[in-house]
Every structure is written in C-alpha cells, then in structure tokens.
Amino acid sequence: MGRKFFVGGNWKCNGTTDQVEKIVKTLNEGQVPSPDVVEVVVSPPYVFLPVVKSQLRPEFQVAAQNCWVKKGGAFTGEVSAEMLVNLGVPWVILGHSERRALLGESNEFVGDKVAYALSQGLKVIACVGETLEQREAGSTMDVVAAQTKAIAEKINDWSNVVIAYEPVWAIGTGKVATPDQAQEVHASLRDWLRINVSPEVAESTRIIYGGSVTGANCKELAAKHDVDGFLVGGASLKPEFIDIINSATVKTA
C-alpha cells in the first residue's frame, strides 16, 4: 500500500451559517472516489465545527485550524486539544504560515503544539513553507528543514502527522509553485526525513502541497511522485473542491 491521497480544505476565517450549510450541501452531493482512495478533511472556523461535523457526509472528517500549546486553563480566547477531542474533532492544522507571520508563532512553538496535540490523540496537519524573499535567496530547503526539525525534535511517532508544504508566496496570490518546484521541495523534504528521522517515516508520511491549488492545476500537481495531496484554501469554499478531491484518481490511474 502506498501513501493514501489526502485533501484538506482550510476555510480560514470565512463563512456565515448560510454559507457553511451551502458548502456542506455541495460536499455531500459531490461524486468523489471512495475513502480507500482519498482521505478528505475540511477545516471550518471553530464556531462552525459542530454544525459541519453533524451535517457532513460520514467519510469526510473535520479539522480545527489551530489549538493551544498545552492543557486548557487561564488562556482567554484559546481552544485546547482536549476540547477538540471532547467534540470528536479528529484533526487540527498547526503552524499555518498566516499564524507564523501574523501571530509570531516560532518553529519551536509550533513543534510544542504538534507534540501536545498528538499526545492528546489528535491527528495533525503540520504546515511548513518559505516566503518569496527566502526562495529568491535560495534558502527554501534551509527554512523548510528548520521548520520540520523543530517538530521532529519533539515527536517520535509520525503516523498521525501529515506535512503540508505551503510556499508563502503562493498562498492566496494566484501564483502557484510549478509542479516541478513542488516536487523538488517535497522530494527534498522526504530526503530530510529519511536522513534525520527514518526511511520508514520518510516513505509513509504524506507530504501535501498548498498554495493556490485549483480545479485547473490540481491534476498536474497530483501526478508528481512526492505530492501526496493538497491543503486547499480559497478553492475549498467553492464547488471546484470536488474536482480537487477527484484528482486523487491520478495516483491510481
């Protein structure tokens, strides 16, 4: 068995009750491959998690977009891993570049978050990626390796981790890493895991791509050997998300 294709939809800070119900209806009516071909996880804002979870087709799972770095308590405005587990939310996105940039989350802080979420039984989509300045300076792999290393130093079991490579310059900008650029970083990341963690973890860990993924470009990206799926932003709010899920069939063709 190879790595099962993974498609995540990050709704970010978007949605009203009506819009959320429309998106869920579209997802529920969509024709998609069976769960043994593709794993689908959608990540609405916290406030919509219960309603999405209760209305969504059973083979699609939900993820929170963040959680606190340790046990709950006097941390106003935060949501703990324990609360997500209590609500039956199986997944969480951690280390998204928007949180790293806007809220100053460091590599170490993200590593701590990943370790704590895993310790509570959550599965984690851990995000890494470089800015345009870093890419132009030729330091893409240094940046991505440092972000991954901060996680690797805190965890032993990678079976519930999906790595999302999201070049910051491609998020919401309409600029997409070319399939070759994505493949190059994914392959380098897998090599890093092979050398620094283990060959088994490198082989089994899914590395997904995020950054202006659309219905139009997803098949070409999915065809790349080390691209194991997508973390989709804006397009996950639209019907084309179904087309992106269906790109999983490229791997089985």
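## Helices α5 and α7

In this predicted model, the axes of helix α5, which covers residues 107-119, and helix α7 come within 8 Å and cross at roughly 40°. Angles from 65 to 115 degrees would count as roughly perpendicular and those under 35 as roughly parallel, and α5 and α7 are therefore oblique to each other. The crossing of these two helices, α5 and α7, is right-handed.

On the α5 side, the residues that take part in the contact are N107, E108, G111 and V114, and they meet A146, Q147, A150 and I151 of α7. Sorted by class, the residues of this contact between α5 and α7 comprise four nonpolar, three polar and one charged.

## Helices α7 and α8

Helix α7, residues 140-152, also packs with helix α8, residues 179-196: their axes come within 10 Å and cross at roughly 40°. The two helices α7 and α8 are therefore oblique to each other, and their crossing is right-handed.

From α7, the residues T140, M141, V144, A145, T148, K149 and A152 meet a set in α8 that consists of V185, S188, L189, W192 and L193. In terms of class, the contact of α7 with α8 has eight nonpolar residues, together with three polar and one charged.

## The largest pocket

Which residues lie closest to the centre of the largest pocket? The space in this largest pocket amounts to about 360 Å³, and of the 13 residues that line the pocket, K12, C13, Q65, E98 and R99 are the closest to its centre.

Helix α4, which spans residues 97-102, gives the largest share of the lining of the largest pocket, namely three residues. When the lining of the largest pocket is divided by class, six residues are nonpolar, four are polar and three are charged.

## Two residues with positive phi

K12, which is among the residues closest to the centre of the largest pocket, has a phi near 55°, a positive value in a residue other than glycine. The place of K12 in the chain is the loop between strand β1, residues 5-10, and helix α1, residues 17-29.

A positive phi also occurs at S212, again a residue other than glycine, where the value is near 60°. S212 is found in the loop between strand β7, residues 207-209, and helix α10, residues 218-222.

Conventions: Residues numbered from 1 in each chain as written. Predicted model: local features only at pLDDT ≥ 70, side-chain atom pairs only at ≥ 80, totals over all residues. Heavy atoms only, no water. Axes fitted to C-alpha atoms, helices over the stretch in contact; angles between N-to-C directions. Helix = DSSP H or I, 4+ residues; strand = E, 2+ residues; numbered from the N terminus. Parallel < 35°, antiparallel > 145°, perpendicular 65-115°, else oblique. Left-handed = near helix turned anticlockwise from the far one by under 90°. Contact = heavy atoms within 4.5 Å. Nonpolar A, V, L, I, M, F, W, Y, C, P; charged D, E, K, R; others polar. 1 Å grid on protein atoms, 1.4 Å probe; cavity = no way out; pocket = protein on both sides within 12 Å on 5 of 7 lines; lining within 4 Å. Points joined across faces, edges and corners; volume = space filled by probe spheres on them.
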